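Here are my notes on the salt bridges and on one helix of this model. Please read them with the structure open.

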Amino acid sequence: MHLYRGIVLANDCIAEMYYHIKIQCAGLAKEVKEGQIIYIRCGTLADPLLRRPFSIYRFDETEGIIEFVYIVKGKGTEIIKTLRPGNEIDLLGPGGRCYELAAGVKAICIIGRGVGIASVVSIAEKARKLGIHVTAILSGRTDNAIISRKLLSDIGCDVIGVNDQENTSGPENVTQLLEEAVNRYGIGQIFTCGSNRVGRLVRGISRKYNIPAYVSLEERMACGIGICYGCVCETKNGYRTVCKDGPVFAIEEVVL
């Protein structure tokens, strides 16, 4: 990981409690991969002391732009929310393991819930650029809380929105939607983030149809390099750090 200085290009509320920040940072845009983490300094060196981790939402190597989606839920993100175009921002990264497309895969499915949707958008964009079919199942508390639906639809993804308010986001319905996509398109990989409940149903489909599946885990992080063990998760091979060994894991590897 390396330190970078970026310039804020935009920082706007996009849906209910969700904010979208776009940053000019050519060096980082060339290094980051789909699903990796960037650590943002929120204030002075001492307050808040710790950087805040953000999964990459989108990045453009040519334009030198990186983007994140975040929820305002504490002092750090309250400070980030106040940043305006032209402000400098201190970035550290990229960190962790990324999503990867398997050679020869013809169709994938991304399943995201809440702000976890942001984590899987970049792998969907990469897949579409390679001509791979993408089914996107997006879940939220309400229909208005589902982010990135238009973006994914515009790049040619088959987008399905489900939400709690209309009782369409339950495990039974999402499982049915995923199975329909598997049978219709021959899904070769599944990528998910945002909910252990969704992760468990994805694991069930992965086992039933022998489809490789990957989950990006969300944990509170401190050091970002795997030495403080503040973000451990349980796996079949013992405890692992999400910041260094993850955030992306094979879904069969982790205990959900």
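1. Start with Asp90 and Arg5. Their side chains meet in a salt bridge, 3.3 Å from N to O. The term stands for a side-chain nitrogen of Lys or Arg within 4 Å of a carboxyl oxygen of Asp or Glu. This pair links distant parts of the chain: Asp90 sits in strand β7 (residues 88-95) and Arg5 in strand β1 (residues 2-15), 85 residues apart. Strands (E, at least two residues) and helices (H or I, at least four) are DSSP runs, numbered from the N terminus. Asp90 counts as buried, at 16% relative accessibility. Buried means under 20% relative accessible area, exposed over 50%, and partly exposed in between, with a 1.4 Å probe and protein chains only.

2. A word on the basis. The model is predicted: local features need pLDDT of at least 70, side-chain atom pairs count only at pLDDT 80 or more, and totals for chains, interfaces and linings use all residues. Residues are numbered from 1 along each chain as its sequence is written, and side-chain values use heavy atoms, with hydrogens and water left out.

3. A network of salt bridges links Arg5, Arg51, Glu88 and Asp90. The structure holds 13 salt bridges.

4. Next, Arg113 and Asp164. Their closest N and O atoms are 2.6 Å apart, in a salt bridge. Again distant parts of the chain are linked: Arg113 lies in strand β8 (residues 107-113), Asp164 in the loop between β10 (158-163) and α5 (171-185), 51 residues apart. Arg113 is buried at 17% relative accessibility. Asp164 is partly exposed at 30%.

5. Asp143 and Arg149 also form a salt bridge, with 3.0 Å from N to O. Asp143 is partly exposed, its relative accessible area being 31%. Arg149 is partly exposed too, at 28%.

6. Now helix α5. It has 15 residues and reaches 21 Å from first C-alpha to last, close to the 21 Å expected at 1.5 Å a residue. The expected span is 1.5 Å times one less than the number of residues.

7. Which residues of α5 are buried? They are Val174, Leu177, Leu178, Glu179, Ala181 and Val182. The buried residues of α5 pack against β8, β9 (133-140), β10, β11 (189-193) and α6 (196-209); contact means heavy atoms within 4.5 Å.

8. Last, check the residue just after α5. Gly186 takes a positive phi of about 70 degrees there.
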